[in-house]
Amino acid sequence: MANARTAANTRWAGIPAARRRDERRDMLVRAAYRLFTAGGEAALAVRAVCREAELHTRYFYENFADTAELLAAVYDQQATALGDVLARAVEDAGPRPDARTRAGIRAVLRFISEDPGRGRVLFAEARGNEILAARRRAAQTALLEGVLAMTSDQDPPLPVVIAATMFTGAMTELAQQWADGRLGDDLDAVVDTAGTLSLAMRC
């Protein structure tokens, strides 16, 4: 135990307190991501997360009230990363709605393909968890706003809003099915089909 305390003191020696706390929080979130994507919500026991992060349990409660709050942080980290990827893809696609739509779909599915655990966090696992459910509802609203931003209208008419709402729900399901491996592995084909159907809904 004394050796563990010595190692911990050495690890954080000379680092300001606020930065130490931020680094420990990040270590816990990354550890929780690994455990959650491998074993689901049941794998997120406090001791298991701290063991994975190689941190004392007191550092868990320094940052989180419970594992539900930790899981929310895991979701937020991945949702922020996806949002950044999606925003860059849509911006790089130019002004045409068809190009922006396809670029957005491709960005989401590729993001999941690069690390399938992301899909489990964002769309699949722990659907009964109320904190995650609230996060996912908020993310769907943000996606709707993003889809509407792809249009050229500052104040889109009702048919466009309805079509965008339908697309948002469909996109969430598409991402989940892609994450589950039910749509094969031909990304181009999925993007082309999804993009065509999305544009048809807005006509």
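Rings of Phe, Tyr and Trp count as a pair if their centres lie within 6.5 Å. By this criterion, F60, Y61 and F64 form one aromatic cluster in the present structure, which is a predicted model. A search of the whole structure finds two aromatic pairs. In one of them, the ring centres of F60 and Y61 are 5.1 Å apart and the planes stand at 75 degrees. Planes over 60 degrees apart count as edge-to-face, so the F60 and Y61 pair is edge-to-face. F60 also pairs with F64. Here the centres are 5.8 Å apart, with 50 degrees between the planes, and the pair is tilted.

Y61, in contrast, has a relative accessible area of 51%. Exposed means over 50%, so Y61 counts as exposed.

A record places an annotation on this part of the chain. The unreviewed UniProt entry labels residues 45-64 "DNA-binding region". In the model, the span of residues 45-64 is 75% helix and 0% strand. Its end C-alpha atoms lie 13 Å apart.

Charged contacts were examined next. A search of the whole structure finds ten salt bridges. Among them is the bridge between the side chains of R24 and E62, at 2.9 Å from N to O. This pair links distant parts of the chain, with the two residues 38 residues apart. R24 belongs to helix α2 (residues 17-39), and E62 to helix α4 (residues 57-63). The relative accessibility of R24 is 5%, so R24 counts as buried. E62 has a relative accessible area of 25% and is therefore partly exposed.

Two further bridges can be described. The side chains of D98 and R96 meet at 2.5 Å, N to O, in a salt bridge. D98 is partly exposed, at 22% relative accessibility. Another salt bridge joins the side chains of R182 and D180, with an N to O distance of 3.0 Å. R182 reaches 57% relative accessibility and counts as exposed. D180 has a relative accessible area of 34%, so D180 is partly exposed.

An arginine also meets an aromatic ring. R118 lies over the face of F111, and the distance from the ring centre is 4.1 Å.

The surface was also searched for patches. L158, I162 and M166 make a nonpolar surface patch of about 320 Å². Of these residues, M166 is found in helix α9, which spans residues 158-179.

S113 and L187 are 74 residues apart in sequence. In space, their C-alpha atoms are 9.2 Å apart.

Key: Residues are numbered from 1 along each chain as its sequence is written. This is a predicted model: local features need pLDDT of at least 70, side-chain atom pairs count only at pLDDT 80 or more; totals for chains, interfaces and linings use all residues. Side-chain values use heavy atoms; hydrogens and water are left out. Rings of Phe, Tyr and Trp (its six-membered ring) pair if their centres lie within 6.5 Å; planes under 30 degrees apart count as stacked, over 60 as edge-to-face and the rest as tilted. Buried means under 20% relative accessible area, exposed over 50%, partly exposed in between (1.4 Å probe, protein chains only). A charge sits over a ring if NZ of Lys or CZ of Arg is within 6 Å of the ring centre and within 35 degrees of the ring normal. Patches are made of residues with over 30% relative accessible area and no salt bridge: like charges are joined within 9 Å, nonpolar side chains (Val, Leu, Ile, Met, Phe, Trp, Tyr) within 5 Å. Accessible areas come from the Shrake-Rupley method with a 1.4 Å probe; for residues, only the protein chains shown count as cover. A salt bridge is a side-chain nitrogen of Lys or Arg within 4 Å of a carboxyl oxygen of Asp or Glu. Helices (H or I, at least four residues) and strands (E, at least two) are DSSP runs, numbered from the N terminus. UniProt positions are given in the numbering used here, feature names are shortened, and annotations may be inferred rather than shown by experiment.
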